[in-house]
Amino acid sequence: MKIKKSAAAGMRSRIPILLTGAASLLLYGFLTHLSRQFNWGEGYSQRPILAYLAVYFSLCALYGLAWFFVRRRRGDRGIFWIIIVFGLLFRAVVLPSQQIQEDDVYRYLWDGKVFANGINPFEYAPAEVRNFKARRIQDPASYYATYTERNERELERLDALRWRSPQSAKTLERVNHPDVPTVYPPMAQFVFRLAHQVKPDSIVVMRVGFFVFDIMTLAFLVGILAKLGRDKADCLIYFWSPLVIKETFNSTHLDIIGISLLCGSIYFLLHHRHTLATLFLAGSVLGKLYPLILFPLYLRACYEKMLRGGKRAGLALLRNGALFLAVIALGYLPFADIGLRMFAGLKTFATHWQSNDSVFAVLVFIFHNVLGGFADEVILSNPLPVFMSKVSVAVIVAGVLFWLLRKGTSLIDCPAEFIRGFFWIMALVFLLSPVQNPWYLCWVVPFLCIFPHRAWLVLTGLAGLYYLDFYFDYQELQTFRPWIPWAEYLPFYFLLAAQLRHKVRRREKFPPPSPSP
């Protein structure tokens, strides 16, 4: 009788999470239906952006509610499997949707097509494929000074690929920033190529490929939570995240490739499998460059492990450092025939892109006013205020990294605190970046499963306001556009400051015990 009552009570406690999951599933279905009105190149002023935002914020509210229910019912395996089933259903419903206000996927499809046909995707900007024939006729001297016979053959092949099918022509036509060569690193290029080989020009196939990395992320997160003694149901923060689902399976952004490999590297690091951790971190960097900054912390963890084991720590550092650099070099090797030109797109992005930023925009404003008449000077293709802001950001991030290394938190004795350092660095990179697109915030979400800070969870919802910029643009309400980052980030910073203040007061009220003499 007691067992039956306990089972009934357990089932009743799961009803709130079942209801929030079912309501979210209906909203994701409506989002997919709504997405049909977002057609590339059509009806910009009629796009239901406000309706989309209402759906997104409703999903975020249900997400927060689900997290509240999960926190009240710890250690329930039934709730864990409910989270998994609904997370899979959310993805299945969104998988066939039309992209909402995003078109980066067309670059992925084009890069995959180029690479699969034996041509270096870093060599030619899409605009070159469109325009090379006209340039050959209109400016032959410039054309033949730029292109060799090999280049001409490859451009002819790419032009033929462009017209192989109507969908292929659409793919090239829809690539954004066509004058810029690709910025996406080697691991991403191999994923794009594989998707093309499965089915050319298919957004759904690309999303299925990303789904594999998404499931890898989930598996590694569950393993990390188990290793740290946390409840596996905390994976809800990642697996039900509207931000992750929208940006990965609707917008079809590639960040999940690097995120999954970073989670794998952390999983192996916590198990003191330093070679595998280094391999996965290198793979993550080859997916997107962000995690590169974490490598010194990996070396420190390796050094500590070898030192405690009585082994030659210095030699282990050299071995892991060499392994990391070798994997990166091997990743770039297939594209190295054009030398440093394979970084041309990345250089353009790093030099000129600035979007949706918060702290960086404030730094630029401050330097612009402080520098006065010198503000119009240009250094390394950047206006002096922008250059000084980038230097400041680099100094801040490097300073925090140096402080973490000096702090010497032990991976062996305090694994959660050691990983918290990763969270701080990745969060800081996002907050200080000149480009704070919502999908970049996805890199922080896995860490929130371990450190569920309220301010950051709120920010994953507020990030949706980014899409309000398109609405104001299409409705010719330009005066409102500069205020969008303020609406996104000010509530976050206020909440973050309040949490830090509460933490300081709590520490003053309950100081940590003094170490024994």
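# Notebook: cores, helices and salt bridges

**Entry 1. Nonpolar cores.** I began with Trp-456 and listed its contacts beyond four places in sequence: Phe-423, Ala-427, Phe-430, Leu-431, Leu-441, Val-444, Leu-448, Phe-492 and Leu-496. I note at the outset that the model is predicted. Trp-456 belongs to the largest nonpolar core, which holds 140 residues. Within that core, Trp-240, Tyr-298, Phe-422 and Trp-456 touch the most other members. I also found another core lying apart from it, made of 8 residues, including Val-386, Val-393, Leu-428 and Leu-432.

**Entry 2. Surface patch.** Val-362, Phe-365, Ile-366 and Val-370 make a nonpolar patch of about 400 Å². I placed Val-362 in helix H18, residues 359-371. Its relative accessible area is 40%, so I recorded Val-362 as partly exposed.

**Entry 3. Helix H9.** I checked the length of helix H9, which runs over residues 186-198. At 1.5 Å a residue, its 13 residues should span 18 Å, and the end C-alpha atoms are 19 Å apart, which agrees. I then asked which residues of H9 are buried. They are Pro-186, Ala-188, Gln-189, Val-191, Phe-192, Ala-195 and His-196. The cover over these buried residues includes helices H4 (104-116), H10 (203-227), H13 (255-270), H14 (274-287) and H16 (313-332).

**Entry 4. Helix H7.** I looked up several residues of this helix, starting with Asn-151, which lies in H7 (residues 149-162). Asn-151 has a relative accessible area of 7% and is therefore buried. Leaving aside neighbours within four places in sequence, Asn-151 is in contact with Glu-123, Tyr-124 and Thr-146.

Glu-156 is also placed in helix H7. At a relative accessible area of 31%, Glu-156 is partly exposed. With neighbours within four places set aside, I found Glu-156 in contact with Phe-132, Lys-133 and Arg-136. I also recorded the separation of Glu-156 and Ala-336: 180 residues in sequence and 22 Å in space, C-alpha to C-alpha.

Arg-150 is partly exposed at 31% relative accessibility, whereas Glu-154 is buried at 13%.

**Entry 5. Other salt bridges.** I counted 19 salt bridges in the structure. In one of them, the side chains of Asp-234 and Arg-74 meet at 2.8 Å, N to O. This pair links distant parts of the chain, 160 residues apart: Asp-234 is in the loop between H10 and helix H11 (236-239), and Arg-74 is in the loop between helix H2 (49-72) and helix H3 (77-94).

I then examined Asp-255 and Lys-288, whose side chains form a salt bridge (2.8 Å, N to O). Asp-255 lies in helix H13 and Lys-288 in the loop between H14 and helix H15 (295-308), so the pair ties together parts 33 residues apart in sequence. Asp-255 is buried at a relative accessible area of 3%. Lys-288, at 14%, also counts as buried, because the cut-off is under 20%.

Finally, I traced salt bridges that share partners: they join Glu-123, Arg-150, Glu-154 and Arg-341 into one network.

Definitions and conventions:
Residues numbered from 1 in each chain as written. Predicted model: local features only at pLDDT ≥ 70, side-chain atom pairs only at ≥ 80, totals over all residues. Heavy atoms only, no water. Core = buried A, V, L, I, M, F, W, Y, C linked by side-chain atoms within 4.5 Å. Buried < 20%, exposed > 50% of the residue type's maximum accessible area, 1.4 Å probe, protein only. Contact = heavy atoms within 4.5 Å. Patch = residues over 30% accessible without salt bridge, like charges linked within 9 Å, V, L, I, M, F, W, Y side chains within 5 Å. Areas by Shrake-Rupley, 256 points an atom, 1.4 Å probe, with all protein chains shown as cover. Salt bridge = Lys/Arg side-chain N within 4 Å of Asp/Glu carboxyl O. Helix = DSSP H or I, 4+ residues; strand = E, 2+ residues; numbered from the N terminus. Expected span 1.5 Å × (residues − 1).
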